[in-house]
Amino acid sequence: IPLERYRNFCIVAHIDHGKSTLSDRLLEHTGTISAGDGNKQVLDKLDVERERGITVKAQTCTMIYKHKDGLDYLLHLVDTPGHVDFRAEVTRSYSSCSGALLLVDASQGVQAQTVANFYLAFAQGLSLVPVVNKIDMASADVPRVLEQLETVFELDTSTAVKVSAKTGQGVGEILPAVISNIPAPEGDPKKPLRMLLVDSWYDTFKGVVLLVRLFDGTLKQGDKVHSFATGNEYIVGEVGIQYPDGLPQKVLRAGQVGYVFFNPGMKRIQDAKLGDTFTNVGYEDIVKPLPGFEEPKPMVFVAAFPTNQDDYGRLADSIAHLVLNDRSVTLQKDYSEALGAGWRLGFLGSLHCSVFQDRLRQEHGASIIITEPAVPTKIVWSTGEEQIVTNPAEFPDPDDHRIRSATLYEPFVNATVTLPEEYVGRCIEICENARGVQKSLEFFTATQVILKYELPAASLVDDLFGKLKGATKGYATLDYEDAGWRQAQLVKLNLLVNKKAVDAVARIVHVSQVERLGRQWVTKFKEHVDRQMFEVIIQAAAGRRIVARETIKPFRKDVLAKLHASDITRRRKLLEKQKAGRKRLRAVGNVIIDQSAFQKFLSK
Ligand code: GTP
């Protein structure tokens, strides 16, 4: 199939508007997969995605389509993650395409991620084909959606395709529209190789597999290639297309999207730098690399600890495995006085973090303790030196005199919220309470509003989205992007148990929050700590100032003393139970605390 009959496209949509369902229909329509229930959502490969119905990792699939002109076309459908935390992946996927289906749910209309993803696609110069989905629904309002597309995006909707991905109605009109409205990729197979690394994953049999888009040249087994990012050289072991799983090919040509793995393979998945350019060995001085991509930047951090240190090895393996499948997670060893040895994990955003957390909790239930998600803090010392703190334990003590002359910064985001007009008042209040600064308020139809706010990233981990949804009967949608650092009055909030700080619980918070959070902490912690032989004082301290306090009264009686001396079996049982329990106990200062107390305290 010649280059002019290639089409590379993706689907731009808000979460839940039916991207995965439509992808499946297109694959069925071209006979790439057989119709039926067994193959649902082929492109969402990770288990997390199936469980949560969210596309996290971009996958791609090739289809061969016989057009009405009687000719075969080679179509590459590049799947993109729907969620904002994965913007780098989205941009990378878009850059391997020349067009996109702009998919909008007929009953919901344009939403926050439709807007955000539209602008990303538009900035990449993609040709857009409007597709209105879910027209089978009783609440579908196609004219309203078309009007929104015209007013918000100034799109010509006369070519819009109306479909139901569920029933298949109208789906047959999509690929003809792709062929006539999306241009064929450009590129010259005779030139030296210029190949973009779009995605990578680890395959048990093949090792590190790369998803690549060829801009120039060809690629076949035995070719020697050079990586611009690492300077490494590799010999091609196999090339092929995802159809929908790997199908080996003799050669990949300019314009195509396909997979490649090397022989010998890449040693470490870290050597596959997403956004890297490859060329033929010997041409690295002649070929210009494609514009690269930023390394993913973790914005939300949690620490995880085994409840029982005997489980350390088992959990370490499991976390390493999860990280291998999601390259945007960063992993470091961590140690807490209260909780022992563990790990510190960094995520792109709060949803990304919660998907991963759910996964860990699901697999390990009671055997893992996960701390509250936190955003990084930037400290600019009076010397002008900068330090980014991602672990509150590394934040200087209130007694450290240097901190008083230092300036503190927290990350901010530009947030876009769409919502029905009747809830505007409540949503503004929520954003203001979250220390947001309003940027604009715009009506895009008579009843739909787009609110733009500058907000601290910390408000997102404090479930701003949940609050907005709660205030709008679930109608609010949210999208955000990094807006850099803002100076802020921040302080380290510590939980003290008999004057000793529980390091794993500490958080860096805005001064306006310390009273409320401090009170909440001591009340909640008290519920989960057992009585001791002596009085236990629980306090919350912001810097050196105590903001809340609770006391746990000591035991009056010895439990064992109640038992009759002859009741030996019962006594032994009790002692054994205590022994089993002891493993999970840890000391904070002189206070013995059951690990499950931390777990209950830290779970919402
Ligand atoms: P992400 O992968 O999370 O971005 O979501 P998505 O956009 O891929 O949405 P998905 O395909 O998972 O569809 C979301 C929900 O809408 C599912 O419950 C689908 O069954 C449903 N759905 C998709 N298309 C249609 C349609 O045409 N009609 C109706 N009634 N429901 C649909």
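Contact here means heavy atoms within 4.5 Å, and helices (H or I, at least four residues) and strands (E, at least two) are DSSP runs numbered from the N terminus. The model is predicted, so that local features need pLDDT of at least 70 and side-chain atom pairs count only at pLDDT 80 or more, whereas totals for chains, interfaces and linings use all residues. Residues are numbered from 1 along each chain as its sequence is written, and side-chain values use heavy atoms, with hydrogens and water left out.

**Helix H1**

Helix H1, residues 19–29, is mostly covered, with 9 of its 11 residues buried, where buried means under 20% relative accessible area, exposed over 50% and partly exposed in between (1.4 Å probe, protein chains only). Among the buried residues of H1 are Leu-22, Asp-24, Arg-25 and Leu-26. The elements that cover the buried residues of H1 include those in the table.

| Element | Residues |
|---|---|
| Strand E1 | 6–13 |
| Strand E2 | 60–66 |
| Strand E3 | 72–78 |
| Strand E4 | 99–105 |
| Helix H6 | 174–181 |

After H1 comes Gly-31, which has a positive phi near 70°.

**Helices H9 and H11**

Helix H9 (residues 424–433) packs against helix H11 (residues 464–471) at an angle of about 160°, the axes lying 9 Å apart; axes are lines fitted to C-alpha atoms, for helices over the stretch in contact, and angles run from 0 to 180 degrees between N-to-C directions. The two helices H9 and H11 are therefore roughly antiparallel, a term for angles over 145 degrees. In this packing, Arg-426, Cys-427, Ile-430 and Cys-431 of H9 meet Leu-464, Lys-467, Leu-468 and Ala-471 of H11. The contact of H9 with H11 comprises 6 nonpolar, no polar and 2 charged residues, with Ala, Val, Leu, Ile, Met, Phe, Trp, Tyr, Cys and Pro counted as nonpolar, Asp, Glu, Lys and Arg as charged, and the others, Gly among them, as polar.

**Nonpolar cores**

A nonpolar core is a set of buried Ala, Val, Leu, Ile, Met, Phe, Trp, Tyr and Cys residues joined through side-chain atoms within 4.5 Å. The largest such core has 41 residues, of which Leu-345, Phe-356, Leu-360, Leu-419, Leu-455 and Leu-468 touch the most other members. Leaving aside residues up to four places away in sequence, Leu-455 touches Phe-412, Val-413, Ala-415, Cys-431, Ala-434, Gly-436 and Leu-464. A second, separate core of 32 residues includes Ala-338, Leu-495, Trp-521 and Val-591.

**Thr-407**

Thr-407 lies in strand E22 (residues 407–420) and is partly exposed, with a relative accessible area of 25%. Not counting residues up to four places away in sequence, Thr-407 touches Lys-378, Ile-379, Val-380 and Gln-487.

Terms used. Parallel < 35°, antiparallel > 145°, perpendicular 65-115°, else oblique.
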